[in-house]
Amino acid sequence: MTAAPGIVVIGGGPRGTGVIERIAANAVELYGDLPLDLHVVDPHPAGGGRIWRPDQSPLLWMNSMAEDVTMFTDETVELAGPVVAGPALDAWAEDVRAGRVTPDADPAVLAEIHGLAGADFPTRRLQGAYLRWTYERALAALPPGITVHEHRTTALAVTGPRGGRQRVRLQDRPEPLLADLVVLTVGHLDAEQDPEQKGLADFARRHALVHMPPDFTADSGLDALRPGEPVIVRGFGLAFVDLMVLLTEGRGGRYENGEYLPSGREPVLYVGSRRGVPYHAKIGYPWTGERPPLPQYLGPEWTEELLKRTGPLDFRRDIWPAVAKELGHAHYHRLFSTHPERTALAHEVFAEKYAAADPGSPELAGLIAEAVPDPADRLDLDALDRPLEGVRHDSPEALQEALRAHITADLARRHDPEHSEDLAVFLGLLSAYAQLVRLGDIGSWWHGFFSYLASGPPGPRLQQLLALSRAGVVRFLGAGLTVETDEEQGLFRARSATVPGAHTEARALVEARLPDPSLRHTASPLLRALRDGGAAITDDGLLAVDPGDSRVLDDEGRPHPRRFALGPFTTARSSGAFTRPRTGGPAFRQNDAAARAALTFLRDHSCRGRLAS
């Protein structure tokens with residue numbers, strides 16, 4: 001008897017769950033009632049995967065409000081498959097409270113669900129319950145001919161000929177899984193240490209110091225950071241926020257009336273980065289009124305024109321000018337339509353001249369200066385990106401005051417609807433991302449800029465940061481942070497361009513950022529095997545995939561007929577794990593295209609009587 005065709009999804013986190021949801025949505029149309037074995041491989045529970053697993057601290061939050069998170073498509077998504085509506089996280093919580101949904105969650109998480117409001121920032125373990133429910137709902141929607149097999153283990157390699165069945169080698173079983181198709185959705189994985197990190201680790205071992213390379217903060221050995229001792233922290237993004245929380249509240253400290261009351265078990269965190277400031281706070285008010293018409297300058301036609309060009313694209317030359325003009329369009333449309341008293345030209349006049357001016361030109365700068373009298377109302381993307389560029393302070397204490405003022409001002413603005421042009425720029429960023437993801441690998445700068453401006457921490461976290469700064473538990477180091485090693489004294493030493501001549505010494509160094517997704521330094525044997533087996537790798541070390549359906553490309557640019565990949569380690573990476581409702585998230589389009597291509601391939605080969613072996 002011929003075995004049923006098989007598809008293996010490696011990675012059961014949000015991306016894998018999203019692909020399975022799209023397989024379920026398209027299966028009746030494209031695959032019918034044919035038999036199929038669907039294997040899901042992940043060492044962690046499917047649905048949430050590693051990052052959203054249920055057994056983690058309730059102190060760790062998402063950086064999105066419950067009403068801004070969905071795993072389901074709507075009519076704003078460009079996709080060939082059917083839209084299958086489903087609840088955003090806040091609506092799902094309401095379904096749980098009303099008894100319409102019974103999630104697989106422990107009592108503590110159920111209590112969180114019952115107290116959740118749309119504007120709340122849920123815990124990660126609560127989001128994990130939503131993801132598990134989404135996964136189970138997708139499985140329930142599969143046709144009866146599809147049988148699901150979960151493997152709670154790690155995939156080590158995928159081998160097999162282009163024209164035949166693939167073999168997925170697993171960590172804990174001698175025989176491989178046989179697969180007619182493989183979809184890699186492994187998310188963020190650990191990385192080997194690059195030469196700089198290896199040198200720092202070797203130095204730390206020689207001098208009995210603590211060195212923590214880039215890692216998932218929740219999985220780091222934080223017990224090595226001792227109470228009262230200084231710790232140099234390089235990185236000021238979301239990984240730093242997790243570190244800050246686990247080393248303060250996680251060690252028994254608490255907040256009262258806006259002040260932090262230490263437990264005495266905290267280390268002292270000296271934090272700096274390239275920018276020297278934390279990510280911008282999440283915007284804390286809803287959208288009202290007319291939305292800016294998007295895309296305006298960065299639509300599908302623009303993308304298609306770029307894709308027709310021969311040779312590599314240069315982000316700053318070929319892409320950034322149009323992105324900047326698109327974000328400016330969103331900003332000024334909102335300013336003119338909502339706050340005309342802060343402008344000096346008729347909107348129609350400004351819009352016509354803005355459209356005619358070249359991006360970055362003196363004519364455009366002159367038009368904006370004429371039409372928007374207050375510089376604070378103008379969009380200055382360079383200043384937003386590098387607020388400490390050229391700023392110097394004569395003492396560390398002066399920097400502490402200045403950074404607290406910067407964070408306080410950011411919090412005030414990001415929660416003030418009088419500056420709703422900031423929210424318009426956020427919508428412009430989402431629209432731009434949906435187009436830029438079609439271009440494949442455009443370098444890492446854009447992704448970092450997007451995260452800094454659009455994917456920052458909840459406002460309450462920055463309020464806590466201010467309290468920790470006032471309490472002396474967190475100390476700011478500034479921008480352009482460098483770390484040196486002193487062999488004679490056996491210490492790490494940090495310097496910043498923001499306070500010339502000052503330095504900080506410590507016996508502990510933490511790299512507060514996620515591991516690099518590059519396949520050049522990945523610690524994943526699965527991705528190393530792909531890299532070494534002829535898959536195409538970009539200059540940034542990403543796995544090259546077909547922009548249409550996410551098939552893995554080989555080093556000659558040919559799509560592999562039986563291998564797909566989606567996620568941060570690929571050129572199909574999108575802006576985040578989740579999508580805001582009604583924003584046409586590109587991840588949905590990618591998931592749908594891959595699922596439809598996979599089902600079509602399996603149907604066509606199955607109908608011939610037997611897949612090649």
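Two strands count as paired if DSSP finds at least two bridges between them. Helices (H or I, at least four residues) and strands (E, at least two) are themselves DSSP runs, numbered from the N terminus. The model is a predicted one, so local features need pLDDT of at least 70 and side-chain atom pairs count only at pLDDT 80 or more, while totals for chains, interfaces and linings use all residues. Residues are numbered from 1 along each chain as its sequence is written, and side-chain values use heavy atoms, with hydrogens and water left out.

On that basis, strand β9 (residues 230–234) runs parallel to β12, and 5 bridges join the two. Here R234 stands opposite G272 in β12. Strand β12 (residues 268–272) also pairs in the parallel sense with strand β13 (residues 474–478), this time over 4 bridges. L269 has V474 of β13 opposite it. As for exposure, buried means under 20% relative accessible area, exposed means over 50%, and partly exposed is in between (1.4 Å probe, protein chains only).

A salt bridge is taken as a side-chain nitrogen of Lys or Arg within 4 Å of a carboxyl oxygen of Asp or Glu. The side chains of R234 and E511 meet in one, at 2.6 Å from N to O. Because R234 lies in strand β9 and E511 in strand β17 (residues 508–511), the pair ties together parts that are 277 residues apart in sequence. Both R234 and E511 are buried.

The count of salt bridges comes to 48. Side chains of opposite charge can pair when their charged atoms come close. Two pairs sit within helices. In one, R97 and E94 meet at 3.0 Å, N to O; they are 3 residues apart in helix α2, which means that about one helical turn separates them. R97 is partly exposed at 29% relative accessible area, and E94 is partly exposed at 38%. In the other, K198 and D202 meet at 3.3 Å, N to O. These two are 4 residues apart in helix α5 (residues 195–206), so about one helical turn lies between them. K198 counts as partly exposed at 45% relative accessibility, and D202 is partly exposed as well, at 22%. Beyond such pairs, a network of salt bridges links R50, R53, D55, D190 and D219.

Turning to another sheet region, an open sheet of 6 strands has the order β3-β2-β1-β7-β19-β18, and its pairing is mixed. Its edge strands are β3 (146–151) and β18 (551–553), each of which pairs on one side only. On average, neighbouring strands of this sheet are turned by 30° against each other, direction ignored. Axes here are lines fitted to C-alpha atoms, for helices over the stretch in contact, and angles run from 0 to 180 degrees between N-to-C directions. L553 has P559 in β19 as its bridge partner.

Helix α4 (residues 124–140) lies across β2 (36–41) and β3, running at about 145° to β3. Contact is called when heavy atoms are within 4.5 Å.

The buried residues of α3 (residues 107–114) are V109, E112 and I113. Seen down the axis of α3, these fall within an arc of 100°, so they line one face of the helix; the arc is that of the directions from the helix axis to the C-beta atoms. What covers them includes α2 (89–97) and α4. On the face turned away from the buried side, α3 carries the exposed residues P107 and A111. At the start of α3, a side-chain oxygen of D106 reaches to within 3.1 Å of the backbone nitrogen of A108.

Finally, A351 has its place in helix α9 (residues 347–356). A351 is partly exposed, with a relative accessible area of 35%. From C-alpha to C-alpha, A351 and F336 are 9.5 Å apart in space, and they are 15 residues apart in sequence.

Definitions and conventions. A polar contact is a pair of N or O atoms within 3.5 Å; within protein, one must be able to donate a hydrogen and the other to accept it, and residues adjacent in sequence count only if both atoms are side-chain atoms.
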